[in-house]
Amino acid sequence: MLDYSVALCTYNGEKYIRQQLESILKQTIAPREIIISDDGSTDGTLKAAENILENTAFSWKIVRNAGDRGVAGNFLNAIRMCSGDIIFTCDQDDVWVEKKAETMLRIFENNENAQLVFSNGKLVDKDLNDLHADMWCACGLTKRMLKQKKWFNYFLKHNYVTGAAMALKRECVCKIFAIPGGWLHDEWFALRLSMKDSAIFPCEEKLILYRQHTVNVVGMKKKNLFQKTREWFGNFSENLKNIRKMQQIRWHNASEICAGEIPSVYLKKIDRAADFWTGAYQLQNRGRIAGSLWILKNFFSGNYHRFYTGFRGEIRDLFVQWFNRKSKND
């Protein structure tokens, strides 16, 4: 059986860190090591971790970052210190199902091309009460997508891999030396590794309890029709402008860091995503007619489907262009 490391990142997680570490210690296959990278906690997170780990039989290490690395930088720091064949990235506030590591390790062993395995998980509240929803449904991952396995194309519009439920082959991820600005570690590793055939393997079992609380860095929740409608309308105004700007920056950063490193067929798609989001961000400076023509052109060319939310995104952008902005005269 392959051995594995746990790359656990912390920041003021005293309230939940004990439950997470206890769930790792109860795994049917114990880790080779636990690496904790802390981004400047000011509570008792590290003391709580030390109290649990000091009597364990395997190796562990706690590193206190000198400065604020942010989520992606903190995980990259932890990953680089791992020595196991497989690296499980781990949040401080979730709980692992007892057979999580064993189940995912067997997928790697049975599929020699596997470089990234990610599982489903249960959504729970802060007290671990079942919210009767799962991670894949919450993020929109469907049975059809699982069957088609067009992972790179999926990741061009949305990330479906949650870092808390992800495991990576160390020899592969250690060749990815940097994460571009605006990207989280899980979505960047997923995008990069999806460029290789049969590298991404989903595991449909719910192997973590994914805790939802008020201070999640990234969270999910099951939404009813009213909540979805309110969120859709709430994106009219500054929110939508900020989303477009963020996406423009993210994809241009991705293009710059990938130039010369990846096959041109993938780089062209990344560049196309960057161009789409640049045009979407510039809609605020276009008149109603000019902006509407750009929206229609990109809808019929398939860009709204490739990089955004398809017909829903087009209708929303047309609505904003005509009724929720101060357009220039055409």
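Q: How many helices and strands are in the protein chain?
A: The protein chain has 15 helices and nine strands. Bear in mind that this is a predicted model.

Q: And how does the radius of gyration compare with the globule rule?
A: The radius of gyration is 21 Å, close to the 20 Å that the globule rule gives for 330 residues, so the chain is as compact as a globular protein of that length.

Q: What does the C-alpha trace span along its principal axes?
A: About 70 × 40 × 40 Å.

Q: What share of the residues is buried?
A: Of the 330 residues in the protein chain, 51% are buried.

Q: And the surface, how much of the accessible area belongs to carbon and sulfur atoms?
A: The accessible surface is about 16,400 Å², and carbon and sulfur atoms account for 51% of that.

Q: What about contacts, what share joins residues at least 24 apart?
A: Counting contacts between residues at least 6 apart in sequence, 75% join residues at least 24 apart.

Q: Now the nonpolar surface patch, which residues make it?
A: Ile289, Leu293, Leu296, Phe300, Phe319, Trp322 and Phe323 make a patch of about 760 Å².

Q: Which elements give two or more residues to it?
A: Helix H13 (288-300) and helix H15 (311-323) do. H13 provides the largest share, four residues.

Q: Where is Phe323, and is it buried or exposed?
A: Phe323 is in helix H15. Its relative accessible area is 62%, so Phe323 counts as exposed, the cut-off being over 50%.

Q: Last one, Asn77. Why does it count as buried?
A: Because the relative accessibility of Asn77 is 14%, and buried means under 20%. Asn77 is found in helix H3, residues 70-80.

Q: What does the side chain of Asn77 pair with?
A: The side chain of Asn77 makes a polar contact of 3.1 Å with the side chain of Asn65.

Q: Which residues is Asn77 in contact with, leaving aside neighbours within four places in sequence?
A: Ser37, Val63, Asn65 and Arg69.

Definitions and conventions:
Residues are numbered from 1 along each chain as its sequence is written. This is a predicted model: local features need pLDDT of at least 70, side-chain atom pairs count only at pLDDT 80 or more; totals for chains, interfaces and linings use all residues. Side-chain values use heavy atoms; hydrogens and water are left out. Patches are made of residues with over 30% relative accessible area and no salt bridge: like charges are joined within 9 Å, nonpolar side chains (Val, Leu, Ile, Met, Phe, Trp, Tyr) within 5 Å. Accessible areas come from the Shrake-Rupley method with a 1.4 Å probe; for residues, only the protein chains shown count as cover. A salt bridge is a side-chain nitrogen of Lys or Arg within 4 Å of a carboxyl oxygen of Asp or Glu. Buried means under 20% relative accessible area, exposed over 50%, partly exposed in between (1.4 Å probe, protein chains only). A polar contact is a pair of N or O atoms within 3.5 Å; within protein, one must be able to donate a hydrogen and the other to accept it, and residues adjacent in sequence count only if both atoms are side-chain atoms. Contact means heavy atoms within 4.5 Å. The radius of gyration is taken over C-alpha atoms; the globule rule is 2.2 Å times the number of residues to the power 0.38.
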